[in-house]
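These are my notebook entries on one structure. I set out to record how its parts pack together.

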Amino acid sequence: MIYPENTIYITGTAKVSSNDPISAMFDMFFVGIILEKESGKIIDVTCNMVRDMTSDFIKSILLDYKLSDDIELIAGEIKDRFQGIAQKAVIAAIKDARNKYMMLKSN
């Protein structure tokens, strides 16, 4: 996929618990988010889950939200819909990505 020039790529990371299957493959959980630079609208997502289906599910939750404005809605939807072991790590990584985006916007 080719992304328009008005998009940026931001990552967020979080630690995972030792009983999470992710920890067998990766040291950290990460989420990569492509968003419109000015509006913060999320247009694509990737993350390092063990199964593609899980990554696709996380992506389906995040698409079309605005990273800057909708963080509480995102966290709430993840709490409601994603019942995996990595739930807290997913929320923490998205909040980390949001913090990086907000710092970028303030500069």
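I first looked up what covers the buried residues of helix 3, and the cover includes strand 3, helix 2 and helix 4. Here contact means heavy atoms within 4.5 Å, and buried means under 20% relative accessible area, exposed over 50% and partly exposed in between, with a 1.4 Å probe and protein chains only. Helices (H or I, at least four residues) and strands (E, at least two) are DSSP runs numbered from the N terminus.

I note that this is a predicted model, in which local features need pLDDT of at least 70 and side-chain atom pairs count only at pLDDT 80 or more, while totals for chains, interfaces and linings use all residues. Residues are numbered from 1 along each chain as its sequence is written, and side-chain values use heavy atoms, with hydrogens and water left out.

I then listed the buried residues of helix 3: I71, I74, A75, E77 and I78. Seen down the axis of helix 3, they fall within an arc of 165 degrees, so they line one face of the helix; the arc is that of the directions from the helix axis to the C-beta atoms. On the face turned away from this buried side I found the exposed residues E72, L73, K79 and D80.

**Nonpolar core**

Which residues touch the most other members of the largest nonpolar core? I recorded F29, V31, L62, I78, V90 and I94, out of 30 residues in that core. Strand 1 (7–15), strand 2 (28–36), strand 3 (42–47), helix 2 (52–62), helix 3 (71–81) and helix 4 (87–106) each supply at least two of its residues. Helix 4 gives the most, with 7 residues. A nonpolar core is a set of buried Ala, Val, Leu, Ile, Met, Phe, Trp, Tyr and Cys residues joined through side-chain atoms within 4.5 Å.

**Q87**

Q87 lies in helix 4 and is buried, with a relative accessible area of 18%. Leaving aside neighbours within four places in sequence, I found Q87 in contact with I78, K79 and F82. A polar atom of the Q87 side chain lies 3.3 Å from the backbone oxygen of K79.

I recorded an open sheet of 3 strands in the order 1-2-3, with antiparallel pairing; two strands pair if DSSP finds at least two bridges between them. Strand 1 and strand 3 are the edge strands, each pairing on one side only.

How many bridges join strand 2 to strand 3? I noted 5, and these strands run antiparallel. G32 stands opposite T46 in strand 3, and the bridge partner of V31 in strand 3 is C47. Strand 2 and strand 3 form a hairpin with 5 residues between them, and G40 in the turn has a positive phi of about 80 degrees.

**Helix 2 and S60**

S60 lies in helix 2.

Notes
Polar contact = N/O pair within 3.5 Å; in protein donor to acceptor, adjacent residues only side chain to side chain.
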